[in-house]
Structures are given as C-alpha cells and as structure tokens.
Amino acid sequence: ELEDPTVINIIHKGGTILKCSQSERFKTKTGRRKAFENVKSLNIDGMIAIGGKGTFEGVLQFFEEYEIPSMGIPGTIDNNIYGTDFSI
C-alpha cells in the first residue's frame, strides 16, 4: 500500500518504487515488429503516448521504423521531464 509512511523520501526514485518500466521485448527490433503487426491488425492509424523520457524515446524509434503517426503527452512518474508536476 502506498500510504504516507511508505512514500516518504521516494520522490527521487520516480517510478522505480512501483517496479514499472518499458517492455523489454519492445526494446528489440523483433519486439517492435510484433507491436507494429498488432497495431496494423487492429487498424490503429495513430498513437498518443503518455509518459516520460523512455516512453518518448520508444515511440520516436517506433515512428522512425514504421511511420505510425504519433504524439506525446508528458506524464512522467520518474520526474525526468521538466514541467510535469501535473498531467492527465
């Protein structure tokens, strides 16, 4: 449970306290190819990525490889993008 005593002094750790990160498979060319096949099979023609530095780097690489129109909305839990004190 995330209550006051368990979240004191974790601001510098960001999302690592939640044990979350980008998919290891997506970091490989084979994994991104599978993601592209899934996107196409679902007739998705654009993506909105909500996240931080890792999310934006991943969606940029995906766009460069497969040209899926994409945009990013800052919403980092790692505090690694300036100006993201509040997000959707």
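In which helix is confidence lowest, and in which is it highest? Colour the chain by pLDDT, the predictor's confidence in each residue, from 0 to 100. Confidence is lowest in helix α1 (residues 4-7), at a mean of 80, and highest in α2, at 95. For the chain, the mean pLDDT is 83, and 78% of the residues reach 70 or more. This is a predicted model, in which local features need pLDDT of at least 70 and side-chain atom pairs count only at pLDDT 80 or more, while totals for chains, interfaces and linings use all residues. Residues are numbered from 1 along each chain as its sequence is written, and side-chain values use heavy atoms, with hydrogens and water left out.

**The strands**

Select residues 47-51, which form strand β1, and then residues 70-74, strand β2. Helices (H or I, at least four residues) and strands (E, at least two) are DSSP runs, numbered from the N terminus. The strands β1 and β2 pair in the parallel sense over five bridges; pairing requires that DSSP finds at least two bridges between two strands. Within this pairing, Ile50 stands opposite Ile73 in β2. Follow the chain from β1 through α3 to β2: this β-α-β crossover is right-handed, meaning that, with the strands pointing away from the viewer, the path from the first strand over the helix to the second runs clockwise.

**The nonpolar patch**

Next, select Ile48, Ile50 and Met71 and display the surface. These residues form a nonpolar patch with about 300 Å² of accessible area together. Accessible areas come from the Shrake-Rupley method with a 1.4 Å probe; for residues, only the protein chains shown count as cover. Patches are made of residues with over 30% relative accessible area and no salt bridge, like charges being joined within 9 Å and nonpolar side chains (Val, Leu, Ile, Met, Phe, Trp, Tyr) within 5 Å. Ile50 has a relative accessible area of 45% and is partly exposed; buried means under 20%, exposed over 50%, and partly exposed in between (1.4 Å probe, protein chains only).

**The salt bridges**

The structure holds five salt bridges, each defined as a side-chain nitrogen of Lys or Arg within 4 Å of a carboxyl oxygen of Asp or Glu.

- Glu65 and Arg32: their side chains meet at 2.8 Å, N to O. Because Glu65 lies in helix α3 (residues 53-66) and Arg32 in helix α2 (residues 29-41), the pair ties together parts that are 33 residues apart in sequence. Arg32 is buried at 4%, whereas Glu65 is partly exposed at 26%.
- Glu24 is exposed at 54%, and Lys27 is partly exposed at 44%.
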